[in-house]
Amino acid sequence: MRHARIIFEGRELDIDIDANDRTTTPDGQELDVALDSDDITWLPPVKEPGTIFALGLNYADHATELAFEPPKEPLVFIKHANTLTGHKQVSYRPDNIEFQHYECELVALIGKAGKNIKREDAMDYVAGYTVCNDFAIRDYLENYYRPNLRVKSRDSLLPMGPWIVDREDVADVKNLRLTTEVNGKITQDGSTKDMIFDIPFLVEYLSQIMTLNPGDMIATGTPHGVVDMQPGDTVVCTIENICSLETRIVSEKEYYGDKY
Amino acid sequence: MTANTLVNSKLVCVALNDKSQLAALQDTFNEAPYKKPPTEPVLYYKPRNTWNVDGAQVEWAKDFDGNDVPAMAVGASLGVVIGRETCRVSQAEALDFVRGYTIVCDFSLPEESYFRPDIKGKCLDTSAPIGPEIVPADTIADPDALTVTIHVNGEQKSAFPLADMERSVAELISKISWIMTLKPGEIIAVGFAGDRVPVARGDRVEATIEGVGTLTNTLGGA
């Protein structure tokens, strides 16, 4: 089963989506709408987002691309809900920058609380998976708590969704094709098999430091193949058997409107 | 997670905001891996598992082998509590968005490097007590004129006048609001004395700001 949050006919709804793309609300109402309909507004799929952990340099080829040695210990940074937006929504490109890139990533959603979780038990704590696009503004990088919040904590720059897929419905999370298309052309093509630190490792690692709680998420990093984005571009991040996440880039002025 | 914390959804902390600390580290910051001093506020989060309350125990951290860590330290900061949505505000109007003030303690492993996000050092359960209460903004005429003190077992270990901050409260609110939209109840810990105070198991730590109150916590593990 898949789970999403949408606005449909003026109502905010938590929906379940079955294998035949049938969509039902918690009170059993079936919605008469196709998943690709423009009548659906997609919200970030986690209703009460907790701490979002994101991984840097977690694919060896991407680390090399950025001229870094692959790390011996996970490079983890934290994000919060202000960065989240949904499928088919917009993310903005700040004014006066040279390089903004997407990062297509597999996300593991934590489903129950735990501390000191053993690697072999880790998957019991994962409720499901989704896709995120963890945009970075490389111009703003500084060597203090890098990647710093100015790069990675901006409003709208973590699109996620459209839905969460239950863990038991994904046969082999360690071998999923991951692709990104910009304006219809494939620019990133990798596999989750090339992750340096896999989900069980990360759950064990993080839970040795702190308690993980339901609603926490782990965005597991991105492989080689990042390119610059400009307003007007459409980027689609896809992970096989999970979902495809579409985002349109707008200018800072268009995004903030009256607050610009 | 500790219930009834005073913070809602986000606690942003400002590191390296003590002028004398920045001056002392100038040479270090011109070398690898930093290569040049910071040009923008150095920020980190204390996530929700760290949030704690006045009077509560702070856990003594364990290492990856399950043993007690050899050392912990504490810093204390004025906590600026956001009162309404704060998006891209100017420094001149920034204080209008403040609902009130409180105290934030940041218990952590000793700060050794500022190069990578310090998840292992900073994200420890119960390590961010906030309190004892939120005093209304209009009771504090000038937040940058306050002094934050830390007493350990009754003895004063640190006094940090906020006049010694590299960036003022208003400047930080403005700068941060141009990165992320802040929501009511979110808190910014605006600056800590550069010299963090070493603590031991069982220590009683009191962080005080005149007019804001005293936040008291005890280290576990004794």
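Trainee: Which residue forms a salt bridge with A:Asp14?

Mentor: A salt bridge requires a side-chain nitrogen of Lys or Arg within 4 Å of a carboxyl oxygen of Asp or Glu. In this predicted model, the closest N and O atoms of the pair are 2.9 Å apart. The partner of A:Asp14 is A:Lys47.

Trainee: How are the values and numbering to be read?

Mentor: Residues are numbered from 1 along each chain as its sequence is written, and chains are lettered from A and ligands numbered from 1 in the order in which they are written. Side-chain values use heavy atoms, without hydrogens and water, while local features need pLDDT of at least 70, side-chain atom pairs count only at pLDDT 80 or more, and totals for chains, interfaces and linings use all residues of this predicted model.

Trainee: What separation is found between the centres of domain 1 and domain 2 of chain A?

Mentor: The domain assignment, automatic or from a database, gives domain 1 (1-43) and domain 2 (46-259) of chain A. Taken over C-alpha atoms, the separation of their centres is 24 Å.

Trainee: How many residues of domain 2 of chain A are in contact with domain 1 of chain A?

Mentor: Contact means heavy atoms within 4.5 Å. Domain 1 of chain A contributes 13 residues, and domain 2 of chain A contributes twelve.

Trainee: What area is buried between domain 1 and domain 2 of chain A?

Mentor: Buried area is the accessible area (1.4 Å probe) that two parts lose on being put together, summed over both. Carbon and sulfur atoms give 49% of it here, and the area is about 1,100 Å².
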